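Visitor: I'm new to this one, could you walk me through it?
Guide: Gladly; here it is, and we can begin with a term that we will need.

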Amino acid sequence: MYKKYEELLEKTGKTSYQVSKDTGIAENIFSYWKNGRSTPKVDKLQKLAKYFGVDIDYFLEN
């Protein structure tokens, strides 16, 4: 999932900081996902999907 998130960051020119400020998802959560310390909860995925204008399935597909 994090790889897809990184792709969207690159595609949109956003930073994790910007996404955090705009969505209310704490910036350290992204780090936890990247390092495998936690997995995203559905509510966070829904926020990200809405923010980036993609379907939630985008994050769930392998």
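Guide: A residue is called buried when its relative accessible area is under 20%, exposed when over 50%, and partly exposed in between, using a 1.4 Å probe and protein chains only. This is a predicted model, in which local features need pLDDT of at least 70 and side-chain atom pairs count only at pLDDT 80 or more, while totals for chains, interfaces and linings use all residues. Residues are numbered from 1 along each chain as its sequence is written, and side-chain values use heavy atoms, with hydrogens and water left out.

Visitor: OK, is Phe52 buried or exposed?
Guide: Phe52 is buried, with a relative accessible area of 13%, whereas Tyr51 is partly exposed, at 25%.

Visitor: And how are the rings of Tyr51 and Phe52 arranged?
Guide: Rings of Phe, Tyr and Trp (for Trp, its six-membered ring) pair if their centres lie within 6.5 Å, and planes under 30 degrees apart count as stacked, over 60 as edge-to-face and the rest as tilted. The centres of Tyr51 and Phe52 are 5.1 Å apart with the planes at 85 degrees, so this pair is edge-to-face.

Visitor: How many aromatic pairs are there?
Guide: The structure holds six, and one of them joins Phe30 and Trp33, edge-to-face at 5.4 Å centre to centre with 80 degrees between the planes. Phe30 and Trp33 both lie in helix α3, three residues apart, which is about one turn of the helix; helices here are DSSP runs (H or I, at least four residues), and strands (E, at least two) are too, numbered from the N terminus. Phe30 is buried, at 1% relative accessible area, and Trp33 counts as buried at 7%.

Visitor: Which residues do the ring pairs link into a cluster?
Guide: The cluster consists of Tyr2, Tyr5, Phe30, Trp33, Tyr51 and Phe52.

Visitor: Switching to α1, which residues are buried there?
Guide: In α1, Tyr2, Lys4, Tyr5, Leu8 and Leu9 are buried. They cover an arc of only 160 degrees around the axis, so they sit on the same side of α1; the arc is that of the directions from the helix axis to the C-beta atoms. The face turned away from that buried side carries the exposed residues Lys3, Glu10 and Lys11.

Visitor: And what follows α1?
Guide: Gly13 does, and its phi is positive, near 75 degrees.

Visitor: What about α2, which residues are buried there?
Guide: Helix α2 spans residues 16-23, and Ser16, Val19, Ser20 and Thr23 are buried in it. They cover an arc of only 100 degrees around the axis, which puts them on the same side of α2.
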